[in-house]
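Keep the model open as you read.

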Amino acid sequence: MTGQGNREAVQHRLSPIASAVALMIFSAGLSAQAQAQQAPAADGGDLKLETVVVSANRRIEKLEDVPASITVLGEEDIKRNNVREFVDIVNLSPALSISVGTQVGTNSINMRGIGTTSNNLGIEGDIAVIVDDLPYAQAQQAFKDMSDVSRVEVLKGPQSTLFGKSAIAGAVVITTKPIGSGPMQGRVSLFNTSDHEYRVATSLSGRLSDDVGLRLFASKTNFPGLLHNLTNDSMQNGSGGRSFIAKLQWKINNDLDVLISPHFDHSLSTGNTAAITSIGPGVGYLYNKNYTALSNTEVLRGIHVSPFNREIRNDSPSGLESTDRGIGLRINYAFPEGSPLAGHVLTSISSVDNNLSNDFRDNDNIDLISTYYQVDASGKPSGIAAKAEINGTTDSKTSTQELRLVSPDDGPFRYLAGLWIARNSVDRGYYRGNPFVKETSFTNYYTTSSALNHAIYGNANWDFAPKQSLSAGLRFNRETNDYMFNTIDSLLSSAPNNIHTGYNYYDAPQHKENATTGKLAYSYHFTPDVMAYGSASTGSKGVAYDMTSGANNTNVFAHLPLAQEKATSFELGFKANLWNNRATLNAAVYQTRFRDYQTSATERFSDGSQASVLYSIPALQTRGFEIDGTALLTRALMVKSSVAYTRATILDWNQGPCYSGATDCNVPNVLVPGAFVRDASGGSMPNAAKWKMTLGGEYTMPLGSLPYVAAINMQMRAQTPVTGAISQDPSLNRPGYGIVDLGASLSDNKGKYKLSVGFKNLFDHHYASGNIGSFLNFKQTSGPDIKSYGWQPARDAFRYATIRLDVAF
């Protein structure tokens, strides 16, 4: 069976599940309405959902009062669904997705189908991730343990006005657990799975005195992985690490308090390795020039090639190891009564952070190092073997300072104003292959990029009539960029002998650019709990430089930096808190257009070589609708569901990259004379499923006179097929899937103990987080290459059991 055939088979197998989920969501909505209107008398008392609050406007407000589409995961959602890493948040929010690259460090976060589809660290992410008011400098910092999290807010659409330039497509705002208000209390959480993942976390939190509070959190985690490396009998595509977070709060007086919050994370992710799933028909061999020829039997010895194979053979490790150290300082000053600004709060937030990472990869996906030989001066093999591997280091330093003045929460007119300054620098060193082996495409470079940002912003809400409100915001940003690329050495793959390019240094002129973004929203409150709104917003992201391939810095590619990326968005929404706070309903329809979208793609040059090239796509668009709801059907049963329809498309890109097998590469390449590209206009954005759906519920049962409560919970999610790459290569497309998780818990009435068990992927439906087209190409004596395909299984692509114990003391 071919790789494409495998994908079609899986898609056919899972499509009934997606249909079933859609039907259940629809049925649940009808059931919620019927049962909420006729509450059983036996329940007695008032049944109410917890009030959901958000900080989307940099002040705490009820969700239904904010004119924006927001998904909120509270502490109970996080516990019930065992949210451990960022991918678990994605699984609970249909607006989010993750694009998996060839390395963990190049994974990206997408919102409504739009994210940074690039393996280039010089391009900022389109989705900002903010933890306790402090932003991550790079998306890769989010792909680690979610430590001590209390609430997650997924803010959809451009959020540049309040959250800066890297929030052009949206923001994920994470709030960690606060310091306890009572005496010091400890908690321990133990987690284990049937596929050998473990997590241990402990915290100590409370008041040391009336004026001083302290919270300490530490964790250690490890998951060996899903792929078995036969070469050294190890597991691959796992993750783990250790974290430490501290919070020390000192209330100096009634008007002034200080919070200091240092953190430390060390993580190791051993992805994104692919396992071979199919080989096309024919008899061929893998070879490099005239040095050696290896049959697929030799290359894949012991590997049982199958649609869901988990066996690999690598002689070099693949993964990302990173260490993150930082500290934040927040000072709040509440202006006292009698002062001109009585009731206002002035907040200063300062931070420094250093993220040091090392990414490494087996670059040929085999373990036979005899494929590559060092050569002598004449280009003949010397008999000395060399591995094909990649190793890179990234040193990212960030410092921020923010001053924010917030008006009182009451009154018809509320506002905030702020000043922001941030400096971010990225130093990147990269080493690929062996300097004596032409076939490893050897290159060695060092590059730096830095940005200094100054911004002033403001936001205001005005209740100008009893049922009508206006919300407006504006931000002015000034960015200064510096950039340098130094190719220390490289070996030309197209040269007949072992010829090196040597030293090449490029220092870009300092770049300065301004950007202004804003938002405007009108809302009408039918009742205090039912609101409709319309909004418009703009976003802007800074210029981009190349930190992957020196090819972008030659005279041929004199197009750097890439221009600022811009976005314009319109949204209509409806929010309701229904049936005496027993149900909520949120719906939104939107359209967002992006101009000069920044990306990179592999370019094939006229001499046969290839390199990663930066592009500005003239126009993209995403449009669709989202609906989510929660219903407390009875005192014991709560149901949550959500559905998102997304159409993220490329409107205009006539310089799209060619891919292997493309028959329409006939557009002249404006960057490389004599070479050709293809018109990719009308294509779909990668990993943008047209439909995504979730359905979850929990049923709690008091156990009579026993001091315990039992609960059963279920979570279902499904999505339709996705395009695998922005190049539109059909061999990288992935089918849809449906996943069901089931769990149960037992806890005491005092909240001291809770034991939870569950099954992830209950029906064992296998699916991929990333596909590899043309995994290995085997040559035939005559005729076309024999292509093989591979896959990167998702964390829960195979069924496994979980057990968790939470203890408070």
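Among contacts (heavy atoms within 4.5 Å) between residues at least 6 apart in sequence, 69% join residues at least 24 apart. The model is predicted: local features need pLDDT of at least 70, side-chain atom pairs count only at pLDDT 80 or more, and totals for chains, interfaces and linings use all residues. Residues are numbered from 1 along each chain as its sequence is written, and side-chain values use heavy atoms, leaving out hydrogens and water.

The protein has five helices and 46 strands. These are DSSP runs numbered from the N terminus, with helices (H or I) of at least four residues and strands (E) of at least two. Of its 809 residues, 55% are buried, meaning under 20% relative accessible area; exposed is over 50%, and partly exposed lies in between (1.4 Å probe, protein chains only).

Now take an open sheet of three strands. Its order is β15-β14-β21, with mixed pairing; strands pair if DSSP finds at least two bridges between them. β15 (234–236) and β21 (311–312) each have a single partner strand, so one side of each lacks a neighbour in the sheet. β14 (residues 227–229) pairs with β21 in the parallel sense over two bridges. Histidine 228 stands opposite glutamate 311 in β21.

Turn to the loop between β39 (691–702) and β40 (708–719). Leucine 703 is found there. Its relative accessible area is 32%, so leucine 703 counts as partly exposed.
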